[in-house]
Amino acid sequence: MQLKNVFRHFQKICVHKYWVFYYCCKVGIPIQGLFHDISKFSPTEFWESVKYYQGNISPIDACKKENGWSSAWMHHKGINKHHYEYWQDNFDNGGTPIEMPIKYKKEMLCDYLGAGRAYYGKDFTYMKEYDWWQNKMKKPLAMHPNDKAFITMWLSKLVNEGNIIFRKLRETEK
């Protein structure tokens with residue numbers, strides 16, 4: 001493990017958290033934004049992510065590619081309700097995606113935007129984020145159809161209408 005990756009990963013988390021907080025404030029859930037992804041600083045998540053840190057992709061994805069699974073991810077998705085993977089049940093019967101409450105859908109959208117800002121940096125655009133989402137949806141996702149539609153609709157609105165849509169999203173039921 002390289003010492004420089006400790007600092008780089010810490011910085012990447014902070015940049016991500018900054019942008020998620022920024023977007024959460026815009027959509028009316030500032031407290032969720034403030035506490036978003038605190039678990040990334042836990043030893044389980046932090047040290048594995050430092051080990052697999054590359055800077056341009058999620059260290060969790062790199063770990064999964066190498067090992068087939070990630071203890072950081074198992075921990076993260078298990079305690080963070082803004083991940084659709086948290087909202088699963090009936091695994092013995094093939095699994096059932098449960099629809100997320102609106103406040104977690106909003107946080108998931110902010111999480112995706114914050115990740116895009118952290119990884120794309122100055123090259124971030126809503127269109128790039130929308131393209132990322134369209135590619136993600138090409139794979140089977142164990143996400144409730146209403147949650148998929150929510151993300152698709154609001155990313156599309158961001159591409160077509162820009163930042164003005166945050167006021168509309170803020171006004172959706174809490």
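What follows is a conversation about a predicted model, and how its terms apply.

Local features here need pLDDT of at least 70, side-chain atom pairs count only at pLDDT 80 or more, and totals for chains, interfaces and linings use all residues. Residues are numbered from 1 along each chain as its sequence is written, and side-chain values use heavy atoms, with hydrogens and water left out.

Colleague: Why is Asp147 called buried?

Modeller: Buried means under 20% relative accessible area, exposed over 50%, partly exposed in between (1.4 Å probe, protein chains only). Asp147 has 1% relative accessibility, so it counts as buried. Asp147 sits in helix 8, residues 145-161. Helices are DSSP runs (H or I, at least four residues), numbered from the N terminus.

Colleague: What makes the pairing of the Asp147 and Lys105 side chains a polar contact?

Modeller: The distance is 3.2 Å. A polar contact needs a pair of N or O atoms within 3.5 Å; within protein, one must be able to donate a hydrogen and the other to accept it, and residues adjacent in sequence count only if both atoms are side-chain atoms.

Colleague: Which residues are in contact with Asp147, leaving aside neighbours within four places in sequence?

Modeller: Contact means heavy atoms within 4.5 Å. Ile98, Glu99, Met100, Lys105 and Met108 qualify.

Colleague: How do you know that Cys24 is in no disulfide?

Modeller: A disulfide is a pair of cysteine sulfur atoms within 2.5 Å. The structure holds zero of them. For Cys24, the nearest cysteine sulfur belongs to Cys110, 3.9 Å away. For Cys25, the nearest is that of Cys24, at 7.2 Å.

Colleague: Are Cys24 and Cys25 buried or partly exposed?

Modeller: Cys24 has a relative accessible area of 0%, so it is buried. Cys25 comes in at 27%, so it counts as partly exposed.

Colleague: How does the reach of helix 1 compare with the expected span?

Modeller: The expected span is 1.5 Å times one less than the number of residues. Helix 1 has 24 residues and reaches 36 Å from first C-alpha to last, close to the expected 34 Å. Just after helix 1, Gly28 takes a positive phi of about 90 degrees.

Colleague: What makes a set of residues a nonpolar core?

Modeller: Its members are buried Ala, Val, Leu, Ile, Met, Phe, Trp, Tyr and Cys residues, joined through side-chain atoms within 4.5 Å. The largest one has 29 residues, and Leu109, Leu113, Ile151 and Leu155 have the most contacts inside it. Helix 6 gives the largest share, seven residues. Not counting residues up to four places away in sequence, Leu155 touches Leu109, Leu113, Glu129, Tyr130 and Trp133.

Notes. Helix = DSSP H or I, 4+ residues; strand = E, 2+ residues; numbered from the N terminus.
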